[in-house]
Amino acid sequence: MRHRESHVTEPLPHAEPLARPLSQQTVLLLDVRDNRSRAAFGQLFDYYAPRLKGMLLRAGMRSGQAEDVVQEVMLSIWRKADQFDPARAQASAWIYRIAKNRQIDMIRRENRPLPDELVAAEEPSVDDAGDVLALDQEGTRLRAALARLTPEQRAVIEQAYMGELSHSEITAQTGLPLGTIKSRIRLALERLRHDLKDLR
Amino acid sequence: MTEIQHHLTEDLIVAYAAGTLGHAFSVVVAAHFSLCDECRSQLEAHEHLGGAVLEDLTQETVSVGLKSAVLAGIDLPAPPEPTRITRSGIYPSAIMTALKGRPPKWKPVGGGIRQCIIEQGAEGSLRLLYIPPGRAVPDHGHGGLELTLVLQGSFHDASGAFKAGDVEVATEDVQHVPIAGEGMACICLAASDAPLRFRGWLPRLLQPMFRI
């Protein structure tokens, strides 16, 4: 069984009070993962579907095709929720990846080359509430840094991540503090590799 | 996991995350992520930035029926997931998938060097190279970007020594003569966005024949 503390917004009476609750979308996705909550899934649809459609239109898709991809992405979120690891990704990062995978598969009609999977299929790992919260806080700091950019800098970031710039047009320096969130994810990966070793 | 010395550049990681990197380069990059947790965690950090941008994006109205179609869809049995081709020996999943699950078919290109062309087209080329210990690949420049990922053994050239897991990012101005290290034969995966051009007239004449 997974720990349930990690996705409740209110601190449990006997638990350490959380400094701040997790991001709303991550809470909803954990509710889908752990409780198969249709209500939470409906809220995720309301939040992400219009944004995903916006992203796919910017990548050059027609409206009908974009909605086909949105539908597939939302169904993947429901079906693959058990693979969501909140110590490694916030909901939006995980969904961004799924959407990019589907988008590329659709446009190129062949599967996007993917890194080897690191998911232990049988035994879902147990969320560590501290790790989950720490990653979430880094995500919040990243959003704050993004909000401080000038409109011009901001526009370039949007173009790059929405898929409007080719590789040669992307300049290496974003100036955003990605180092700390990267270190958090690195720790989660090391722990996962350690757990996978134990399973063998 | 051995300590990896030569990593991907950030622009390649961002282009992969955003889905704008060509297929041949994406195979090399995904294979490197499989071997390098440092670059994999950097990729996932960039995906957080992608997710943050997605949250702030202008929302587009979706069709009235889309939500009910999705909600109806979750009650249907999920279609079987196409089985992913997994790693085999020194070849990560991304390479095995590009090889369609079959072991590489090596063709000799002279000097004991062998290659297996995986794809070649307008977008560029992707191939595996097998270089016996101590052998040099003829001096060659290339039209654009070339990525070389070492899967077994090692090679060195003017820009340094590359061991298993290391990736060399070479731009068009680099003229290099990769020499395989001693010990195991060097097997590497190379992608470029232009056909390779060898220096000197003889190799250039041979080039169409061998498709080097």
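Predicted model: local features only at pLDDT ≥ 70, side-chain atom pairs only at ≥ 80, totals over all residues.

Colleague: How many helices and strands does chain A have, and what counts as one?

Modeller: Helices are DSSP runs of H or I with at least four residues, and strands are E runs of at least two, numbered from the N terminus. On that basis chain A has 7 helices and 0 strands. From the N terminus on, its elements read α-α-α-α-α-α-α.

Colleague: Why is Leu29(A) called buried?

Modeller: A residue is buried if 20 or more other C-beta atoms, placed from the backbone, lie within 10 Å of its own; it is exposed if there are 12 or fewer, and partly exposed in between. Leu29(A) has 28 other C-beta atoms within 10 Å and is therefore buried. Leu29(A) lies in helix H1 (residues 24-35) of chain A. Of the 200 residues in chain A, 40% are buried.

Colleague: Which residues does Leu29(A) contact, apart from its neighbours within four places in sequence?

Modeller: Contact requires C-beta atoms, placed from the backbone, within 7 Å of each other. With neighbours within four places in sequence left aside, Leu29(A) is in contact with Leu44(A), Ala81(A), Phe84(A) and Ala91(A).

Colleague: What makes Ala161(B) partly exposed?

Modeller: Ala161(B) has 14 C-beta neighbours inside 10 Å and so counts as partly exposed. Its place is in strand E7 (residues 160-163) of chain B. Not counting residues up to four places away in sequence, Ala161(B) touches Ser154(B) and His156(B).

Colleague: How do you know that E6(B) and E7(B) pair?

Modeller: Two strands pair if DSSP finds at least two bridges between them. Strand E6 (residues 154-157) of chain B and E7(B) have 4 bridges, in the antiparallel sense. His156(B) has Ala161(B) in E7(B) as its bridge partner, and a hairpin of 2 residues joins E6(B) to E7(B). E6(B) also pairs with E9(B) in the antiparallel sense, over 2 bridges, and Phe155(B) has Ala180(B) in E9(B) as its bridge partner.

Colleague: What is the strand order in the open sheet of 6 strands, and why do E1 and E8 of chain B stand at the edges?

Modeller: The order is E1-E2-E3-E10-E5-E8 (chain B), with antiparallel pairing. Strand E1 (107-108) and strand E8 (167-170) of chain B each have a single partner strand, so one side of each is left without a neighbour in the sheet. Within this sheet, strand E5 (residues 146-152) of chain B is joined by 6 bridges to strand E10 (residues 186-192) of chain B, and Glu146(B) stands opposite Ser192(B) in E10(B).

Colleague: How do you know that the length of H2(B) agrees with expectation, and why is H2(B) said to be mostly covered?

Modeller: As for covering, 12 of its 13 residues are buried, among them Phe25(B), Val28(B) and Phe33(B).

Colleague: Why are H4(A) and H3(B) called roughly perpendicular?

Modeller: Axes are lines fitted to C-alpha atoms, for helices over the stretch in contact, and angles run from 0 to 180 degrees between N-to-C directions. Angles under 35 degrees count as roughly parallel, over 145 as roughly antiparallel, 65 to 115 as roughly perpendicular and the rest as oblique. The axes of helix H4 (residues 91-108) of chain A and helix H3 (residues 37-55) of chain B cross at roughly 95 degrees and come within 7 Å. H4(A) and H3(B) are therefore roughly perpendicular to each other.

Colleague: How many residues of each chain are in contact across the two chains?

Modeller: In total, 58 residues of chain A are in contact with 54 residues of chain B.

Definitions and conventions. Residues numbered from 1 in each chain as written. Chains lettered and ligands numbered in written order.
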